[in-house]
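Please examine the sequence and the three-dimensional structure shown below before reading the report.

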Amino acid sequence: MAPKIYINGKLYDKADAKISVYDHGVLYGDGVFEGIRVYAGKVFRLKEHVDRLYDSARAVYLEIPLTPKQMAEAVESTVRANAKQEGYIRLIVTRGAGSLGLDPRKTSDPQVIVIVDDIVMYPQELYDHGMEIVTASSIRNHPNALNPRVKSLNYLNNIMAKVEAIRAGCHEALMLNIKGELAECTGDNIFLVKQGVLKTPAPDAGILEGVTRGAVMELARAAGIPVQEPALTRHDVYTADECFLTGTAAEVIPIVKVDGRPIGNGKPGPITRQLREAFHELTRR
Ligand code: PMP
């Protein structure tokens, strides 16, 4: 079935789903978004995603023309209209059409867009045997410039690092912050396991607080695995027993090589496998 795309309360065929070229989302990447999964017809952690969307909007002075409840309903109804059992949702709010200048006050009509499409994951092989990543030379945005906690439409910072990943023959790149500490990957959060302890960079390191990250931390605590959010460096990566990434599209994916160095024994580790299975189970609950 051809996708039906929601724009401001109406559903459109893909070919007719259009917004103004004067939209500041197009002109400046001025807007916010979410990526969400549908598992067995149910939207995964919708409240968390809607809350993060409203926090992102608030942080960039963008007023969303719907209440969070109406936004959640818009997502649910678009999923139903598309009759998707397994899928990926892209929820977007742009600043709206305005003048060619930056001034957000000159915009009038924020566009609320919901796209429901198929999910594209990393190749299965990488879930079974682990993935390789490289450290990007492009650092993650400084929180005092554009805070990575804001999921804004301006993703060039991540795209620059993604280009480095691709040029190195990888799917993902590790991004550091200005201090040289681990931040996150271009579209995924990073976790390490050392001597049975799960470690991941804190929000202060300059990261998006991933919904999957939050779910995995809960699952780990419930399983009695200690969870810490210390400052981490590449030394911690190279000497880790296990490494994995989390993200809405990626779920939990083992990392077995970073910058050409094998992590642990170079195979997906037991805690990674355990958390991956626990996460799968959570999505089916
Ligand atoms: N970091 C970045 C930069 C992201 O874009 C994403 C989402 N794709 C994540 C982390 C993971 O967040 P989530 O688990 O909410 O998808």
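The report describes a sheet and then the surroundings of a ligand.

This is a predicted model, in which local features need pLDDT of at least 70 and side-chain atom pairs count only at pLDDT 80 or more, while totals for chains, interfaces and linings use all residues. Residues are numbered from 1 along each chain as its sequence is written, and side-chain values use heavy atoms, with hydrogens and water left out.

**The sheet**

Six strands form an open sheet in the order 2-1-6-5-3-4, with antiparallel pairing. Strands are DSSP runs (E, at least two residues) numbered from the N terminus, and two of them pair if DSSP finds at least two bridges between them. At the edges lie strand 2 (10-13) and strand 4 (42-43), each of which pairs on one side only.

Strand 1 (residues 4-7) is joined to strand 2 by four bridges in the antiparallel sense. Within this pair, Tyr6 has Leu11 as its bridge partner. The two strands form a hairpin with two residues between them, and Asn8 in the turn has a positive phi of about 45°. Strand 1 also runs antiparallel to strand 6 (residues 112-117), to which two bridges join it; here Ile7 is partnered by Ile113.

Eight bridges link strand 3 (residues 31-39) with strand 5 (residues 87-94), again in the antiparallel sense. Val38 stands opposite Gly87 of strand 5.

**The ligand**

| Protein atom | Ligand atom | Distance |
|---|---|---|
| Arg52, polar side-chain atom | oxygen | 2.9 Å |
| Tyr155, polar side-chain atom | oxygen | 2.4 Å |
| Gly187, backbone N or O atom | nitrogen | 3.1 Å |

Taken alone, the ligand exposes 390 Å², and the protein buries 93% of that; accessible areas come from the Shrake-Rupley method with a 1.4 Å probe.

Terms used:
Polar contact = N/O pair within 3.5 Å; in protein donor to acceptor, adjacent residues only side chain to side chain.
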